[in-house]
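This report sets out selected features of one structure for computational use.

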Amino acid sequence: MKLCVSMWSMHRKFYDHGWSVLDFLRFCANHGIDCVELLDVFWRDIKQELPAVKQFLAEHSIQVGAYAVTNDFVHEDAKDREQALGAVLAGLPVAQELDTRVIRVFAGDAKPDIDFTAGFQYIVDGLRAAAEAAKERGLTLALENHGRLAGRGEQVEQILDAVGSRSLGAAFDTGNFILVGQSSLAALDTLLPRVVHVHAKDFRPVVGDEGYPAIDGTRYQSVVCGEGLIPLSDIVSRLQQSGYAGSVSIEYEGGRDEEAGVIASLNALRRWIQTSSVQESRGV
């Protein structure tokens, strides 16, 4: 497996402090981070920025573990669903330019008048078309567990089964399951053979209005990996035992300084990976 950092970990640097994709990559290069996850939401002018980003990646031997697009197929209006598909299709050539084979995607979330049953076919139709286009380019889509329609392991599994394409796998977000009342280890039991990308993040419960609301009313705040409730060391061990060879991308969303949070999370993940490797070599 390849340890990676998602640029979403620096989203406040982008939105509040004017960071660019190159600024993020400079941070990574300065800290010896050689694998990143880039997102379509962070381009200000992709035509101008992409050549410079590609040059920086090559000069600093930084790999792109995944490219993420923002899409939502859960709309009654066909034009809105076409727009969601268009977002995914537009990301495919960018992923190729960045020399990555994995594109992280969403299903879409529940709307007041659209539940899972109603939205399921919209999701399947959209992802089936997107997966076919990805297959033609030799790429793989990674569906993230996110929201109430594709937040649980069995929901993701149901969507993958219905789409029925080897060009669509699971992007396993370690933190998001707790927001829909599911253990991440239980979800891993369901999805492990189909995981093609991983988000490593940790959550702990908080009082007040901060953080993300779970379906049971509890609110959770993102923290440095290892400081919350998510059994990340066990997840890392399971992934290694399974032979998972994809990226494990840190997605830090905590309230402290983003740079410090990423570095602390990286250090924790490195320790767990090293410990798991030693145990595996000893047959533990």
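The sections below treat a helix pair, a sheet and salt bridges.

## Basis of the model

The model is predicted: local features need pLDDT of at least 70, side-chain atom pairs count only at pLDDT 80 or more, and totals for chains, interfaces and linings use all residues. Residues are numbered from 1 along each chain as its sequence is written, and side-chain values use heavy atoms, without hydrogens and water.

## Packing of α7 and α8

Helix α7 (residues 184-191) packs with helix α8 (residues 232-242) at an angle of about 15 degrees, and their axes lie 10 Å apart. The two helices are therefore roughly parallel (an angle under 35 degrees).

On the α7 side, the contact (heavy atoms within 4.5 Å) is made by Ser 184, Leu 185, Leu 188 and Asp 189; α8 contributes Asp 234, Ile 235, Arg 238 and Leu 239. By class, 4 of these residues are nonpolar, 1 is polar and 3 are charged.

## The sheet of β8, β10 and β9

Three strands form an open sheet in the order β8-β10-β9, with antiparallel pairing (at least two DSSP bridges between paired strands). Strands β8 (202-206) and β9 (212-213) are at the edges with a single partner each, so one side of each has no neighbour in the sheet.

Between β8 and strand β10 (residues 219-223) there are 5 bridges. Val 206 is placed opposite Arg 219 of β10.

## Salt bridges

The count is 15 salt bridges, each requiring a side-chain nitrogen of Lys or Arg within 4 Å of a carboxyl oxygen of Asp or Glu. One of them joins Lys 13 to Asp 257, with the closest N and O atoms 3.9 Å apart. Lys 13 belongs to helix α1 (residues 11-17) and Asp 257 to the loop between β11 (247-250) and α9 (258-281), so this pair ties together parts 244 residues apart in sequence.

Conventions
Axes fitted to C-alpha atoms, helices over the stretch in contact; angles between N-to-C directions. Helix = DSSP H or I, 4+ residues; strand = E, 2+ residues; numbered from the N terminus. Parallel < 35°, antiparallel > 145°, perpendicular 65-115°, else oblique. Nonpolar A, V, L, I, M, F, W, Y, C, P; charged D, E, K, R; others polar.
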